[in-house]
Amino acid sequence: MLYEIIKGSKIAEPKITAIVPVYNVISYIDETIHSLLNQTLKDIEIILVDDGSTDGSFEKIISYGEKYDNICVAKEPNAGPGMARNNGLSIAKGKYISFVDSDDILPERALEIMYEAAEREQVGIVTGISVSFNNSRSWFIGGHFKKGVFKRGRKTLLQNPEMLYTLGPCNKLYRRDVVQDIRFPDSIKVAEDHPFVIEAYLKSNNIYTVDEIIYNYRAREDVGDISLSQIVTADPYTSFKDIVASIKLSDVLFKQYVTNPVALQKIRIDYYDRIIATDIWPAYKGILLNGNAETQTKMFDAFRDLLDSMDFHLFNNLGVFQRLLTFETINRYTFIKEKARSSYLRALRLAYEKLDPGSFNKLLSSDFPKEVRAGEKAAKRNSVKPIYNRLVNRKLGSTISAGFEKIILANWRKLVGVSRNFYARRIAFPFYKLAKKQRKIVFLTNKHDVLSDSFKAVYDELILQKPDYQVVGYLKQPQRTISELLKMYKDIATAEYVFLDDYYRQIYGLKLRKDSEVIQLWHAAGAFKKFGFSSIGYADSNTESFERDAHQNYTKVVVSSSEIVPFYAEAFGVDEKNVLPLGVPRTDRFFNEDYKAYIKTVFEGKYPALKNKKIITYAPTFRGGPGERQQFIMNLNIRRLAEQLGDEYALILKMHPSVVRGVGIPFDLQEFAFNMSGEDINDVLINTDILITDYSSVVFDFSIMEKPVLFYAYDLESYLGERNFYYNFEEFVPGPVVRTNEEVISTIKANDFDLNKVRAFKERFFDDLDGKSAERIVKELIK
């Protein structure tokens, strides 16, 4: 774009160049310029680029240029703020670049604070706290505050994806060599700054945030005088179209700069989630509620194109997009014009085709499960009638339908004479078994409400190897309606393959069809504590009849090594020939170097206090039966460890999922110890240098990485009476067994570990150390 320098600045080597695009801001430009002229930092160059103003703004900035030597004035035909900033960049001479919108205000010390931080920290970008203001008040920006954007310190985009919530160019200071070759796209006017800032983040790869207010965004109050940032509500379709174009430009940048495939997948998920939730969602609502048939059709077609460009991993990690396409739109279906409904149906069909069982389960757990089911039926039947029926029933819900449903639920036992569970299991299920077996794979678990661990790894392989199978999942849910129960038992009764990862009470005592394969992918690796039939007679055990009901349907059991085949055969009461040492799919990630590198990077950003420390993780198992195990009595003296090891080490606490209480960390020790019970155990292990455990099977997973492990068995004798082991504990474990806190500390200080033992342990309990367990299971078992 051509531009003309009307008046140049006379400052030879400015510390900072502030670039201000100017367009019809006669009411605000004085305040903006004065806030720059009054900065405490000297040697600032100010470039004012007029973007074809017609209200006297150009004449105003000319008068400033004539008065001040450090002001440069340029002019261009109207092309938007992006082009004005580009032209300002072409002129800029400063070591650092700052962008300022022509209606905003900088605090007096803003540029000095950012300049000093940039010089001191030697980073490419400095950010700080921004506030919004109008004529009566000012306030922190909610998204920034909620996501932790203000948190002080060094950052990178991959370590700190919360930086995606500050993609405006104006509350930052850029080193000029980082941005001198980057340009704002000239084809869009909304979200045109996102690709610029994202590329600057990625190219710089070092960001520093100061915890002081360095920028004031003006929220204009005159309805006829809105800023570009407010155009989303005024012209939602233009905004939507530009945002989608911005997404495509940014996506290219991620693929260009991020070489680690795991990190690339995760940052794209974070980016799409942020853009859909904060930018697309407002524009979408505007089009849906106020748009005409043409703009609605274009929007739904654009949604389908966007969805079509996503792989199933990306889409199934975007809960906000799934909600938008399903119940959020179905709840507003009456606003869709008649001619646009077929376009919506096409997008809806593709959305349900790409949903994995975990994502579908999450949608069903929302406040609108019936709308989700209606959308599913509409997609399968390629008809909007199920949506229409749902809306009609909902409208009548306060009268006929609600009253009838209330009678049904209140009088279920009287009407059919049995409970709904009994009806589904004992009456409907045998009937469903008479139907023909289908090319269907069912995942059943009460451990997780999404696909995770081994289930996730196997599902991903099924998508690659067996795309012709229908895959459904019944994951953890508080309660199912009678219709959902019937659907679940129908799927189980007609499935060719059923996968389990633990006990699953919903099929206790049921006889599944003889020509179905029921495959147990047990959640723990190796064989340590006795379980199943092997544990009968010990304090924490079930009855023989209970174990028989729980395991009677297994046709295959998958384990990690040949050595433990007899143990699992005994525990589940199956023939040894049906216990197959194919590996543990959830451990495959330990062989993925890209994944491990990414997780280490994430932890550095998320827990900066761990940097340059050796990480000790304490991961004990639970104690007692179901009523006792929720609370864990901490026998590890965290304070003593901090006193003796705090200079060199940091401590992570990773409790068993059953434990929900008893793991507090004193306030003064929170720079040494971190409760990461909510983190994925495998991710914690990847970042662990020394593992302290007791009787947990986590030792098998950790042994894959051949790192030191210590066994804090302060209650060994009592635990033997509770569960007992398949092996002699003290001879079996691949690390020192200690009974006291002092022994824990002295063993770590002396580095008294034999990694050859760990290596031998690993090779003993994993037949295949190749990271291909999931691939092998699908190839061997799904014939």
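Biologist: Which residue is the bridge partner of threonine 617 in S20?
Modeller: In this predicted model, threonine 617 has leucine 691 of S20 as its bridge partner.

Biologist: And how many bridges link S17 and S20?
Modeller: Three bridges join strand S17 (residues 614-618) to strand S20 (residues 690-693), and the two pair in the parallel sense.

Biologist: What is the strand order in the sheet?
Modeller: The order is S19-S18-S17-S20-S21-S22, an open sheet of six strands with parallel pairing.

Biologist: Which are the edge strands, then?
Modeller: Strand S19 (673-675) and strand S22 (737-738) are the edge strands, each pairing on one side only.

Biologist: Which strands does helix H31 lie across?
Modeller: Helix H31 (residues 741-750) lies across S17, strand S18 (649-653), S20, strand S21 (709-712) and S22. Relative to S21, H31 runs at about 170°.

Biologist: Switching to helices: at what angle do H10 and H11 pack?
Modeller: Helix H10 (residues 261-290) packs on helix H11 (residues 293-308) at about 160°, and their axes are 10 Å apart. H10 is therefore roughly antiparallel to H11.

Biologist: Is the crossing left-handed or right-handed?
Modeller: H10 passes H11 in a left-handed crossing.

Biologist: Which residues make the contact?
Modeller: H10 contributes Tyr272, Ile280, Tyr284, Ile287 and Leu288. From H11 come Thr295, Gln296, Met299, Phe300, Phe303 and Leu306.

Biologist: How many of those are nonpolar, polar or charged by class?
Modeller: The contact of H10 with H11 has nine nonpolar residues, two polar ones and no charged ones.

Key:
Residues numbered from 1 in each chain as written. Predicted model: local features only at pLDDT ≥ 70, side-chain atom pairs only at ≥ 80, totals over all residues. Heavy atoms only, no water. Pairing = 2+ DSSP bridges. Helix = DSSP H or I, 4+ residues; strand = E, 2+ residues; numbered from the N terminus. Contact = heavy atoms within 4.5 Å. Axes fitted to C-alpha atoms, helices over the stretch in contact; angles between N-to-C directions. Parallel < 35°, antiparallel > 145°, perpendicular 65-115°, else oblique. Left-handed = near helix turned anticlockwise from the far one by under 90°. Nonpolar A, V, L, I, M, F, W, Y, C, P; charged D, E, K, R; others polar.
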